[in-house]
Amino acid sequence: MFMRPAVQEKPVLRKAQTYRFPAPIAGWKANENIAAPNPGPQGAIVLENIFPTATGAQIRRGSAIYATLGAGDSDVTALFTYNFGNNKRFFGSTATTVYDITTISSPINYQLSTEDSDHIVDDLGNFIGQLSTGGLEVIEGLSGGDWIDEQFATTGGNYLVIVNGEDPMHVFDGSAWYAISDEPVNRLNYDAETAPFTVGQTVTGGTSGATAVIVDVVDNGTTGHLILGTVAGGPFMDNEPLTDGAGGAATADGAIIALFGTITGTKPDGSPLLTSDFSYVWAYKNRLFFILKDSLDVYYLPVDQITGAATLFPMGAQFSLGGKLMIGTTWALDFGNGLNDNCIFMTDEGEIVVYNGTNPASAADWQKVGRYQMGKPRGPKAFMRAGGDLVFATDIGFVPLSQALQVDYSVLSSSAVSYPIETAWNEAVSLRSSASWDCIVWPENQMVVVSLPTVNEQPPSMFVTNARTGAWANFTGWSGTCLEIFNGRLFFGSENGKVVEAYVTGLDQGLPYTAAYVPLFTDFGNSGAEKIGGMARMQTRGPYDIQPLLSCQENYVVDLPPPPSATFVPGGSQWGVGIWGQSTWGTAQTKTWQGDWYSVGGLGYALSPSAQVTSGSVIPLDTEIVSIDFSYDISDWGA
């Protein structure tokens, strides 16, 4: 008998199928079961430099150096603003100096986008002049730069108060900075100057015999004023001659003006209280409160005063985990008696004590509301306000304080705003805890930014979330030491004295950057069969034709190819290149649909298409992702 020869099985390819991955409006997901993700195709396993919106996902804009502090050899440690009426001021600090960077000198030659008009009010040229380097030194000779600021209004004016736990407290009155120490602050105007005065010398009144040490000099030539400490021997007199030990000479122009008094008090060990001992400041019920550095003690001033007798409020007995106070602020929440402001005190161990009332000296008017436990805060500025609530960046997540009232600490992480990126957040805590984090809300863009310190050889990164939808993304390439909003624009401090404006241009400080999107993997409803990737297209809408690099990721492993070349942007759209009256700069570009098909390949039981786009022009791409369509075949082996 003859045996029938064996028939070799051949693969049978079914008709190609198409699967749509809608825009990742659910954002970056780093806590999902990768084999059964929720919400499936609307989430992303990678979402870098792409901001999820309610309708799609937009490639972020770039960043540009706004100012360089000093010689550019020290990191920016703090950014803070003063805002009262039409008087708006912007300040940046290094470890030794505070600079006024409201108006910047030495303008640079900068290329502007036709779309980059969000913060141009009337004068495009004025905006160009602001994008430059420089800064006016306003406080020098400092020992620390980790300033905490609070704007505080009294009947005498509106002030910006800053403390850092190393240097004397400083106050800005809208025009000048003054150090608040154990000496009062007095101003003596002069005219008819014949020789300049010297800081540190003693000025003497030729008629009154009054003397005082010169703390600061503002010299306008023949006129100016002296900032003096304690005056001895009687008040200075108008029109009397003034001299100092270094030969300075002028005539007093009016009587001496008392600007600020001192802050007095005693530390728990009996030593005199110094304003350089204050590491944190905040306002509550028209009082300034201060944290005594490296302690569980708080001081407060009389109502509506920025100087005066500071009263100790010891809190060591309130905290069972010890540590030191790190944060104090106000918190508005309804405890059953209506919405009311409360005063919170938070330690570096994550314990929070809440008080309500107006006078800490009165037991009848100062009640403890409760004590709660959260994760350890990531720094003194690692929190933000969300309506009346507070959200803290902690080692267990980005957690609303209101949740600590309702959920036990052991399960609090599942109530965190950052829960969708839980594993990425935990990794960041593990690798980036040696320096403080910073958080801020950018209302104009409905964006919340968590700036991660660039330490332990970790790449620059900021976690961002849509304040409206709660969807997350990862902005890479931005190295921020601190954050601030000024005139509706987002800024971050960085290394080497750089103050950087975010979300401008299509470059990151002159360099290209790449956006990457990988949807959550899917097995297309058939986990037992291998799929063969075919074609993919990314549907987008925007003003320019982009050149995306599409590829296929296999079996839950992301291995992106090298970034593509930058998308070309027509030169006629650049400031300084377009022709007035002919080119389109200064007007909105028309958005068009794009969606070319590309071969991507790939073989696996679960697949995901990936897209990369490089922005390399000063003109931002402003491209919105609509979806990725992906075609595939199922390989079915049979007789």
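Entry 1, terms. I take buried as under 20% relative accessible area, exposed as over 50% and partly exposed as in between, with a 1.4 Å probe and protein chains only. This is a predicted model, where local features need pLDDT of at least 70, side-chain atom pairs count only at pLDDT 80 or more, and totals for chains, interfaces and linings use all residues. Residues are numbered from 1 along each chain as its sequence is written, and side-chain values use heavy atoms, with hydrogens and water left out.

Is alanine 36 buried or exposed? I get 52% relative accessibility for alanine 36, so it counts as exposed. Alanine 36 sits in the loop between β3 (27-28) and β4 (43-48); strands here are DSSP runs of E of at least two residues, helices are runs of H or I of at least four, and both are numbered from the N terminus.

I count 3 helices and 50 strands. Of the 639 residues, 51% are buried. I then took contacts (heavy atoms within 4.5 Å) with a separation of 6 or more, and 65% of them join residues 24 or more positions apart.

A nonpolar core here is a set of buried Ala, Val, Leu, Ile, Met, Phe, Trp, Tyr and Cys residues joined through side-chain atoms within 4.5 Å. The largest one has 65 residues, and Phe398, Trp425, Trp437, Val450, Phe463, Phe475 and Phe630 have the most contacts inside it. Which strand gives the most to this core? That is β50 (residues 624-638), with 5 residues. Another core lies apart from it, with 60 residues, including Val185, Tyr284, Leu325 and Ile352.

I followed up on phenylalanine 630. Leaving out neighbours within four places in sequence, its contacts include Gln17, Thr18, Tyr19 and Phe21, and also Phe524, Met535, Cys552 and Leu607.

I use a 1 Å grid over the protein atoms alone; a pocket is an open set of points where a 1.4 Å probe fits, with protein on both sides within 12 Å along at least five of seven lines, and lining residues have an atom within 4 Å of a point. The largest pocket holds about 990 Å³ of space. It is lined by 35 residues, and Asp149, Glu150, Arg385, Ile440 and Glu484 are the closest to its centre. Among the elements that give two or more residues to the lining are β12 (148-154), β33 (383-386), β36 (438-442) and β40 (482-486). The largest share, 5 residues, comes from β24.

Cysteine 343 is buried because its relative accessible area is 0%. Cysteine 439, at 6%, is buried as well.

Most residues other than glycine have a negative phi. Asparagine 286 has a positive value near 65° and lies in the loop between β24 and β25 (287-292). At 48% relative accessibility, asparagine 286 is partly exposed. Tyrosine 503 also has a positive phi, about 65°, and lies in the loop between β42 (498-502) and β43 (513-519). Its relative accessibility is 10%, so I log tyrosine 503 as buried.

Methods. Grid points are joined across faces, edges and corners, and a volume is the space filled by probe spheres set on the points.
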